[in-house]
Amino acid sequence: MSFLRRFDWVLFIVMLLIIGIGFVMINSAYQLPSADPDYDWRDNLLLRQILFAGIGLVLYLVMAIIDYRLLVEHALWVFAASLVILVITLIVANPTFGTSAWLDVGIFGVQPSELSKVFVIIVLARVLGESQRRLESLVPLLQSVVVLGIPAALVYLQSDLGMVLLLAITWIGMVFISGVRWRHLLALSGVAAGAVPVVWFRLEDYMRGRVTEFLNPGQDPLGSSYNINQALISIGSGGLWGKGYMQGSQSQLRFLRVRHTDFIFSVLCEEFGFVGALVLILLFLVMFMRLLRIAERAADGPGRLIAAGVTIVIFAQVFINMGVNASLLPVTGLPLPMVSYGGSSLITTMIALGLAQSVALRRPGEDNPLL
């Protein structure tokens with residue numbers, strides 16, 4: 001009974017609702033006619049996503065049951081495991097979708113770098129979540145830089161700049177929330193600012209190209225800027241109520257590319273309009289409010305940082321994906337959490353939410369429901 005009383009049912013139900021919206025939109029965005037003689041169930045992305053969601057649900061409950069303090073206590077091993085996985089991926093992965101971050105596992109492709117988000121959150125919670133007195137020293141901040149820097153470098157070598165950006169945003173958010181001293185942050189910021197020109201010229205050509213395309217979207221309307229323009233047409237043509245389910249011209253006539261992954265939000269806007277987009281955004285806002293509530297009532301510093309880290313990483317990914325769809329941000333290749341098609345992203349996000357649920361289940365006070 002204690003488990004049921006402490007379980008955050010609102011967070012759980014909202015997660016399932018968002019995943020359900022993802023099922024609906026994937027079915028619309030990527031249909032494969034069953035009359036096709038070469039049709040195989042494995043080609044049905046909706047069935048695959050449902051399978052991924054089932055796996056993710058099991059792992060969600062497993063993570064909720066496991067005491068997060070056990071993971072924090074063994075953070076060194078968690079960090080080592082993340083590095084081993086990333087190194088193996090870097091060595092054996094075949095280039096897919098412009099990156100070398102995918103491993104072939106049977107009939108599915110797996111992106112191990114997705115798990116680095118969860119690993120980094122756990123290890124940063126250990127490094128930054130101890131006593132405030134320890135944060136008077138520069139050591140925790142430097143340790144956190146190492147925790148971010150090594151996985152980020154390995155992910156960058158896999159040509160996955162979007163994931164590097166997401167890890168960096170998560171690190172920045174957790175460092176601020178932890179209470180690291182401003183004088184240390186200012187010193188580190190000065191070093192980072194000096195490194196910006198070096199990083200810019202070390203980027204791959206296509207990475208710099210995404211930034212220049214964003215600054216000048218009209219430079220190649222039929223080439224590099226084509227899909228952004230199609231996404232804007234999709235969003236604008238949806239109006240208030242949308243064109244109706246599976247009635248969007250940009251998606252159904254295949255003008256919009258990668259519509260089932262990075263640009264699925266544009267499909268939703270075209271078919272369900274401003275109202276449909278608002279419903280999805282409100283569901284995400286409810287999720288973020290629950291996660292922040294869990295962070296506020298966490299039993300200790302590491303628990304607070306874990307819940308905050310999960311909030312930051314999901315919020316950043318939602319914000320960036322929607323910003324890219326609306327041409328407010330450069331293309332990053334990040335999917336919309338729990339809505340876009342993709343097993344690695346979906347399962348990893350559910351694992352992260354299960355980790356936050358573990359923090360909620362171990363908050364102090366027997367009768368202290370999260371209202």
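**Close-up views of salt bridges and helix packing**

Arg 69, with a relative accessibility of 36%, counts as partly exposed, a class that lies between buried (under 20% relative accessible area) and exposed (over 50%), as computed with a 1.4 Å probe on protein chains only. The model shown here and in the other views is predicted, so that local features need pLDDT of at least 70 and side-chain atom pairs count only at pLDDT 80 or more, whereas totals for chains, interfaces and linings use all residues. Residues are numbered from 1 along each chain as its sequence is written, and side-chain values use heavy atoms, with hydrogens and water left out. Arg 69 forms a salt bridge with Asp 67, their closest N and O atoms being 2.9 Å apart, where a salt bridge is a side-chain nitrogen of Lys or Arg within 4 Å of a carboxyl oxygen of Asp or Glu. Asp 67 is likewise partly exposed, at a relative accessible area of 24%, and a network of salt bridges links Asp 67, Arg 69 and Arg 362.

**A salt bridge between Asp 8 and Arg 290.** The structure holds six salt bridges, and in one of them the side chains of Asp 8 and Arg 290 meet at 3.3 Å, N to O. This pair links distant parts of the chain, 282 residues apart, with Asp 8 in the loop between α1 (2-6) and α2 (9-29) and Arg 290 in helix α13 (residues 264-296); helices are DSSP runs (H or I, at least four residues), numbered from the N terminus. Asp 8 and Arg 290 are both buried.

Glu 296 and Arg 293 form a salt bridge whose closest N and O atoms are 3.3 Å apart. Both residues lie in helix α13, three residues apart, which is about one turn of the helix. Glu 296 is exposed, with a relative accessible area of 57%, whereas Arg 293, at 24%, is partly exposed.

**Helix α6 and the helices around its buried residues.** With 14 residues, helix α6 (residues 115-128) reaches 20 Å from its first C-alpha to its last, close to the 20 Å expected at 1.5 Å a residue, the expected span being 1.5 Å times one less than the number of residues. The helix is mostly covered, 12 of its 14 residues being buried, and among these are Lys 117, Phe 119, Ile 122 and Leu 128. The buried residues of α6 pack against α4 (68-73), α5 (75-92), α7 (139-157), α8 (161-178), α14 (301-325) and α15 (343-361), contact meaning heavy atoms within 4.5 Å.

**The pairing of α7 and α8.** The axes of these two helices come within 9 Å and cross at roughly 170°, and α7 and α8 are therefore roughly antiparallel to each other. Among the residues that make the contact are Leu 141, Leu 148 and Tyr 156 of α7 and Met 163, Leu 167 and Trp 171 of α8. The contact residues divide into 13 nonpolar, one polar and no charged.

Gln 230 is found in helix α11 (residues 226-237) and counts as buried at 11% relative accessibility. Neighbours within four places in sequence aside, Gln 230 is in contact with Gln 250, Phe 255 and Leu 256. Tyr 226, which also has its place in helix α11, counts as buried at 15% relative accessibility, and its C-alpha is 9.1 Å in space from that of Arg 257, a residue 31 residues apart from Tyr 226 in sequence.

Notes
Axes are lines fitted to C-alpha atoms, for helices over the stretch in contact, and angles run from 0 to 180 degrees between N-to-C directions. Angles under 35 degrees count as roughly parallel, over 145 as roughly antiparallel, 65 to 115 as roughly perpendicular and the rest as oblique. Ala, Val, Leu, Ile, Met, Phe, Trp, Tyr, Cys and Pro count as nonpolar, Asp, Glu, Lys and Arg as charged, and the others, Gly among them, as polar.
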